[in-house]
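Take a look at the model below. We will go through the sheet, then some loops, then the surface.

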Amino acid sequence: MRKEQNFKWDTLSLGTCYYPEHWDRALWREDLQRMKANGIFTIRIAEFAWSVIEPREGEFTYEFFDAFLDVAEEEGMQVIWGTPTATPPVWLTEKYPEVLNCRMDGVKYRHGMRRHYNYNSPKYQELSARIVERVAEHYGKRPCIVGWQIDNEINCEMDEFYSESDTLAFREFLKEKYRTLEELNRAWGTIVWNQTYSAWEEIYVPRTTLSDETNPHQKLDYYRFISESAIRFCKMQSEIIRKYKKPGDFITTNGLFANLDNHRMEDECLDVYTYDSYPNFAYCLDADPKHNRFLRDRKWSMNLAEVRSVCPHFGIMEQQSGANGWNTRMEAPAPKPGQLMLWAMQSVAHGADYVSFFRWRTATVGTEIYWHGILDYDNRDNRKLAEVHRVWDRMKAIADVTGAEYKAAFALVKDYDNAWDARLDVWHGRLAEGSEKEIFVAAQESHTPYDIFYLKEETELAELQKYPVLIYPHALILTQKKADLLSAYVRAGGTLIIGARTGQKDIDGHCVMTPMPGLLRQVSQSDVREFTFQSPADDPVAMDWDGREVETGVFHDILAADGADAKVLATYTSNYFAGSPALVESAAGAGRVLHFGGTFTRENTRSFLDYAGVLTPCADVITAPEACEIALREKEGRQYLFVLNFAAEPQTVTLHRTATDLDDGRAVVGEVVLEAYGTRVYAL
C-alpha cells in the first residue's frame with residue numbers, strides 16, 4: 001500500500017520563479033510588491049546559484065541571499081529554496097573533470113550548458129553534499145523559507161550517463177544484484193554474439209558499437225541503474241536538508257523525467273511532488289501542422305495524470321506563462337488571451353493545489369532569453385500579468401477544491417520495467433506509445449476521466465479495487481507476483497483489459513517459451529497462436545464485434561479461446577487470419593478479462609469502455625463537445641466539475657442539473673457558452 005502523502009497545501013495558492021541574482025537589488029522590493037498585488041505570495045529561488053554562495057572552492061559567502069531573504073521577510077513573501085546542484089560552477093568542473101557526464105563514446109560534456117554532471121562521481125557527491133549542508137545549515141531556520149526543491153528537473157536534458165564513474169558504479173550495482181558472473185551472463189543472454197564476461201572489469205555501461213546497437217538485457221539493467229543513481233543522489237540531499245529544515249517545511253523536486261522511478265523517489269526522498277507544466281511545448285513552429293488537436297496543449301492532461309499517479313495532491317513548480325524557447329532551439333507562440341488561465345486550471349483540475357508561474361520576468365541575457373515569463377523585457381504591466389490576477393481571483397473563488405480527490409472512471413496500468421523496455425525495444429515502444437496516446441484521446445473525446453496507475457511489486461489489491469476497469473495495454477514483461485495480483489483483482493470483481501504481446505517476456509527481458517499471455521493465461525483462458533505487425537494504411541485489418549467493424553491497430557495477436565469460461569467476442573475480418581479470434585472474454589470469479597489481440601485506438605477504446613460500463617460517467621450531469629475537457633474532483637461528499645475549452649472558438653455545454661458557478665455564486669442549469677479557451681468550475 002502506498003504511503004500517505006507527507007505534505008499537502010492547505011489552500012490553493014500561486015507562486016512564481018524568481019532569480020534575484022539576475023536583477024539589480026533596487027528591483028527586489030518592487031518586484032515582490034508587484035507579485036503580491038497580483039496574488040503571488042511564494043517564490044522559488046537559487047536553484048542555479050552555486051557560485052553565488054561558493055565562488056571558489058571552500059570559500060562560502062552568504063551575504064547576497066541573506067540580503068534578499070531580509071527583503072522577502074519584510075514583505076511577507078514565502079520562499080522555496082532550490083539546491084544548486086543542477087549547475088556545478090566552472091571552478092568545480094575545471095578542477096575535477098571527472099564530475100562531468102560523457103557521451104556514449106566517452107567524450108565529456110563540457111561546461112556551458114546545465115545538468116552536465118554525473119550522479120556517481122565521488123567528488124561530485126562530496127561537493128554537492130557540502131554545498132547542500134552549508135545552505136541548509138545557514139538558511140534552514142529563516143522564517144520565510146517554507147520548502148526545499150532538490151536539484152532541478154532530475155534526469156532532464158540528459159537521462160543517460162557514460163562517465164568512468166558510472167561504469168565503476170554500474171559494476172557495483174551488478175555485483176550486488178547478481179552476485180556471480182554466471183548469473184549475470186544468464187540474465188544478459190551473453191551467449192549471443194560472443195558477449196560472455198569472465199571478469200567484472202570487462203563490464204561497462206553501454207558503449208559505442210556498430211550502429212550503437214547494444215545488448216537489450218544489459219540496457220534494461222542500465223536504465224534501472226540510472227534510476228537507482230538518481231534516487232540515491234536525491235536521497236543524499238534530502239537527508240541533509242531534514243537535519244536543518246523547520247517542522248512543516250516540505251522537500252520536493254520538480255519532474256517528471258525518464259529512466260527514473262519517480263514513485264520510489266517520491267516515497268523515499270520527498271514530502272510532495274511538483275511538476276513543470278509547459279503545454280506550449282506541444283506545438284512549437286517546427287511541429288507537424290496536421291497534428292491532432294489532442295496532441296497539442298491538451299496533451300498535457302496526460303502528463304498531469306502521470307504526475308497524479310506519483311502524488312495525488314501535487315504542485316506545479318513551473319507553469320507556463322509565456323512563449324518558450326532558447327536562442328538555439330524551440331520557437332513558440334505566446335499564449336493567447338485565456339490560455340494562461342486555461343493551463344493553470346488544467347493543472348488544478350488534475351490535482352494541483354499550488355501553481356507557480358515560470359518566470360516572473362523574461363531573462364535579458366543567456367540561453368533562455370526567449371523563455372518568456374509573466375513580464376517581458378520592458379518590465380511593464382501587460383495582459384499576462386492581468387491574467388495572472390484573474391487566476392488569483394479564480395483560486396480564491398474555488399478554494400474549497402483544495403485537497404479534493406480526482407475522480408477517475410478507469411485506470412491505465414503501467415510499470416517501470418515495461419516503460420524502460422519500451423525505450424530499448426522498438427517493437428514494444430511502437431505499441432506502448434501508440435496505445436497510450438490513443439487511450440488518452442478516447443478518454444478525452446468521450447469525457448471519461450482516467451487515472452494512470454503504476455503497478456509495483458508491493459502494490460496491494462485494495463489499491464486496484466478503486467477502479468472497476470483496468471487497461472494494461474502491452475505488458476510484455478510480467479512477474480508472477482504482478483500476475484497473481486491482477487488475477488486476484490479479476491476474481492474480486494474487476495474488469496481487466498489486456499492487449500497484444502502481453503506476457504512475452506520475463507523480468508530480464510527474455511522472451512519466454514510459453515504461450516502468451518504467459519503468466520496471465522490461467523485467468524484469461526486465452527492463447528496466442530500467431531502474431532504480426534500490419535500496416536493500417538497498406539494492409540488494414542479490423543474485427544467484427546456484434547456486427548460492427550472495429551479498428552484493431554498496427555499489431556495483431558491471433559487468439560484462441562482456451563477454457564470453459566472463455567468466449568470469442570470478435571473475429572478479424574480480413575487478411576490471412578480472417579475469422580480468427582481478435583477479442584476473447586473470460587469469466588473468473590466475480591470479474592472478467594478481455595484479451596484483445598490488437599493495439600488500442602481511440603475507436604476501439606471507446607468500444608471497450610462502453611462494453612465495460614464506464615464510458616462518459618458524467619453524462620447525467622453535463623453534455624459537452626469534444627473540444628472541452630471534463631474533470632471531477634470530490635471532497636467530503638461535494639463534487640467540483642471543471643470544464644475546460646481547448647478550442648479557439650466558443651463552445652456550448654449543457655448542464656443537466658443545477659450547479660453553482662464558483663466564480664460568482666450563481667445557480668446555473670441548461671446551456672452555457674464558454675468563450676475561446678474559457679474555463680468554468682462548478683460545485684454540484
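How many bridges join strand β4 to β5? Three bridges join β4 (residues 145-149) to β5, and the two strands run parallel. Before going on, note that this is a predicted model: local features need pLDDT of at least 70, side-chain atom pairs count only at pLDDT 80 or more, and totals for chains, interfaces and linings use all residues. Residues are numbered from 1 along each chain as its sequence is written, and side-chain values use heavy atoms, with hydrogens and water left out.

Two terms are needed at once. Strands (E, at least two residues) and helices (H or I, at least four) are DSSP runs, numbered from the N terminus. Two strands pair if DSSP finds at least two bridges between them.

Now find one of the links between β4 and β5. Gly147 has Phe250 in β5 as its bridge partner. Step back to the whole sheet. The sheet is open and holds nine strands, in the order β5-β4-β3-β2-β1-β9-β8-β7-β6. The pairing is parallel. β5 (250-252) and β6 (254-255) stand at the edges. Each has a single partner strand, so one side of each is left without a neighbour in the sheet.

Helix α10 (residues 300-310) packs on this sheet. α10 touches β7 (274-277) and β8 (314-320), where contact means heavy atoms within 4.5 Å. The direction of α10 makes about 170 degrees with that of β7. Such angles run from 0 to 180 degrees between N-to-C directions; the axes are lines fitted to C-alpha atoms, for helices over the stretch in contact.

Next, go to β1 (residues 13-17). Four of its five residues are buried, meaning under 20% relative accessible area; exposed is over 50%, and partly exposed lies in between (1.4 Å probe, protein chains only). β1 pairs with β9 (residues 352-358) in the parallel sense, over four bridges. Ser13 stands opposite Tyr354 in β9. Four bridges also join β1 to β2 (residues 40-45), again running parallel. Here Gly15 has Thr42 in β2 as its bridge partner.

Follow the chain out of β9. The peptide bond from Phe358 to Arg359 is cis, with omega near -10 degrees. Arg359 sits in the loop between β9 and α12 (383-397). Another cis bond runs from Met516 to Pro517, with omega near 10 degrees. Pro517 is in the loop between β14 (495-498) and α17 (521-524).

Backbone phi angles also deserve a look. Glu157 has a positive phi of about 65 degrees although it is not a glycine. Glu157 is in the loop between β4 and α6 (164-178), and is partly exposed at 33% relative accessible area.

His447 has a positive phi of about 55 degrees, and is not a glycine either. Its loop lies between α14 (426-445) and β12 (450-454). Is His447 buried or exposed? At 9% relative accessibility, His447 counts as buried. Beyond its neighbours within four places in sequence, His447 contacts residues including Thr616, Pro617, Glu626 and Cys628. The C-alpha atoms of His447 and Ala631 are 8.0 Å apart, although 184 residues separate the two along the chain.

Finish at the surface. Ile191 lies in the loop between α7 (181-188) and α8 (216-244). Ile191 is exposed, at 73% relative accessible area. Together with Val192 and Trp193, Ile191 makes a nonpolar surface patch of about 440 Å². Patches are made of residues with over 30% relative accessible area and no salt bridge; nonpolar side chains (Val, Leu, Ile, Met, Phe, Trp, Tyr) are joined within 5 Å, like charges within 9 Å. A salt bridge is a side-chain nitrogen of Lys or Arg within 4 Å of a carboxyl oxygen of Asp or Glu. Accessible areas come from the Shrake-Rupley method with a 1.4 Å probe; for residues, only the protein chains shown count as cover.
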